[in-house]
Amino acid sequence: MTQTTTRVLEPSDLDAALEILGRDPVENAFVTSRVQIAGLDPWRLGGEMWGFYADGELRSLCYAGANLVPVCAGPDAVRAFADRARRTGRRCSSIVGPATATRLLWQLLEPSWGPARDVRSHQPLMVTEQRSAEVAPDPLVRRVRKEEMDLIMPACVAMFTEEVGISPMAGDGGLLYQARVAELVATGRSFARVEDGKVVFKAEIGAVTSRACQIQGVWVDPEFRGRGHSETGMAAVVAYALGDVAPVVSLYVNDFNAAARASYRRVGFREVGAFMSVLF
């Protein structure tokens with residue numbers, strides 16, 4: 001019989017973990033980006049990395065931090081991760097990852113962790129490797145400057161609240177969220193179109209690796225919606241990303257947001273898979 005076990009990975013397991021993560025650089029971009037920056041030390045990583053072993057070989061991972069994220073996890077690995085998660089108790093604000101693995105993980109955890117505040121069971125994962133041939137980039141979309149934090153923060157809070165359903169300023173007063181926004185601005189990964197001191201469009205390049213990056217936080221001020229800013233703005237961010245960051249650009253979107261999916265397709269994105277999110 002196959003012998004299986006799980007354990008918390010240590011810094012010495014880094015090469016083996018990166019090999020697992022490298023099997024799908026787009027799907028695993030979020031976790032890979034964190035590991036490449038912080039390694040596997042839980043303090044620096046912001047959570048534990050669980051490893052699933054079969055006959056002594058590392059087969060799958062699960063990042064257990066603010067998010068619980070299964071990585072390259074088949075049914076046996078998901079069941080093992082669910083057992084560990086039940087024992088440790090819920091410490092995360094969401095479960096997110098490839099739809100098949102995340103769906104099984106939530107089925108196993110829901111009796112003890114539920115109910116969830118929201119379950120988004122099908123979020124298409126979309127990618128592009130080239131600039132849009134159909135939509136011209138907005139020339140007014142640019143990198144947000146460090147001295148513009150007071151300008152960009154209200155737009156970021158509005159986007160998060162609209163998308164997630166709660167304000168990121170709750171709990172710790174928004175300290176962690178503000179720090180994350182500041183990091184994206186400082187690293188040149190926050191983009192916006194600004195008119196008369198007001199953010200019209202904004203988006204960030206969140207997860208970044210040498211092989212893929214992920215756009216997040218796409219938002220248009222409600223006053224300016226319906227004018228094509230999401231498409232021309234995204235075309236501009238994709239151009240920046242492909243030119244300066246990585247050869248593949250990805251994002252995932254709620255399946256019920258038909259308008260956004262159509263816009264992304266016009267910008268050149270195509271669907272290659274699906275994520276699922278469980279929000280607490």
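Helices (H or I, at least four residues) and strands (E, at least two) are DSSP runs, numbered from the N terminus. This is a predicted model: local features need pLDDT of at least 70, side-chain atom pairs count only at pLDDT 80 or more, and totals for chains, interfaces and linings use all residues. Residues are numbered from 1 along each chain as its sequence is written, and side-chain values use heavy atoms, with hydrogens and water left out.

**Backbone features in loops**

- Most residues other than glycine have a negative phi, and most peptide bonds are trans.
- C72 sits in the loop between β4 and α4. Its phi is positive, near 50°, and C72 is not a glycine.
- D55 also has a positive phi, about 50°, without being a glycine. D55 belongs to the loop between β2 and β3 (57-64).
- The G114 to P115 peptide bond is cis, with omega near 0°. P115 is in the loop between α5 (99-113) and β6 (118-128).

**Helix packing**

- Two packed helices are described by the angle between their axes and the distance between the axes. Axes are lines fitted to C-alpha atoms, for helices over the stretch in contact, and angles run from 0 to 180 degrees between N-to-C directions.
- Angles under 35 degrees count as roughly parallel, over 145 as roughly antiparallel, 65 to 115 as roughly perpendicular and the rest as oblique.
- A crossing is left-handed if the near helix is turned anticlockwise from the far one by less than a right angle, and right-handed if clockwise.
- Contact means heavy atoms within 4.5 Å. Ala, Val, Leu, Ile, Met, Phe, Trp, Tyr, Cys and Pro count as nonpolar, Asp, Glu, Lys and Arg as charged, and the others, Gly among them, as polar.

**α1 with α2**

- α1 (residues 14-21) packs on α2 (residues 29-38) at about 155°, with axes 10 Å apart. The two helices are therefore roughly antiparallel.
- Their crossing is left-handed. L14, L18 and L21 of α1 touch V31, T32, V35 and Q36 of α2.
- This contact has 5 nonpolar residues, 2 polar and no charged.

**α6 with α7**

- The axes of α6 (residues 149-164) and α7 (residues 175-186) come within 11 Å and cross at roughly 120°. That makes the pair oblique.
- The crossing of α6 and α7 is right-handed. From α6, the contact uses M149, I152, M153, C156, V157, M159 and F160; from α7, it uses Y177, Q178, V181, A182 and V185.
- These residues divide into 11 nonpolar, 1 polar and no charged.

**α8 with α9**

- α8 (residues 229-244) and α9 (residues 258-267) pack at about 50°, with axes 9 Å apart. α8 is thus oblique to α9.
- Their crossing is right-handed. S230, E231, M234, A235 and V238 of α8 meet S263, Y264, R266 and V267 of α9.
- The α8 and α9 contact counts 5 nonpolar residues, 2 polar and 2 charged.

**Aromatic pairs**

- The structure holds 9 aromatic pairs. Rings of Phe, Tyr and Trp (its six-membered ring) pair if their centres lie within 6.5 Å; planes under 30 degrees apart count as stacked, over 60 as edge-to-face and the rest as tilted.
- F52 and F81 form an edge-to-face pair, 6.4 Å centre to centre with 70° between the planes. F52 is in β2 (residues 48-54) and F81 in α4 (residues 75-88), so the pair ties together parts 29 residues apart in sequence.

**Contacts of N67**

- N67 lies in β4 (residues 67-71). Leaving aside neighbours within four places in sequence, N67 is in contact with F30, C92, S93, S94 and V96.
- The N67 side chain makes a polar contact with the side chain of S94, at 2.8 Å. A polar contact is a pair of N or O atoms within 3.5 Å; within protein, one must be able to donate a hydrogen and the other to accept it, and residues adjacent in sequence count only if both atoms are side-chain atoms.
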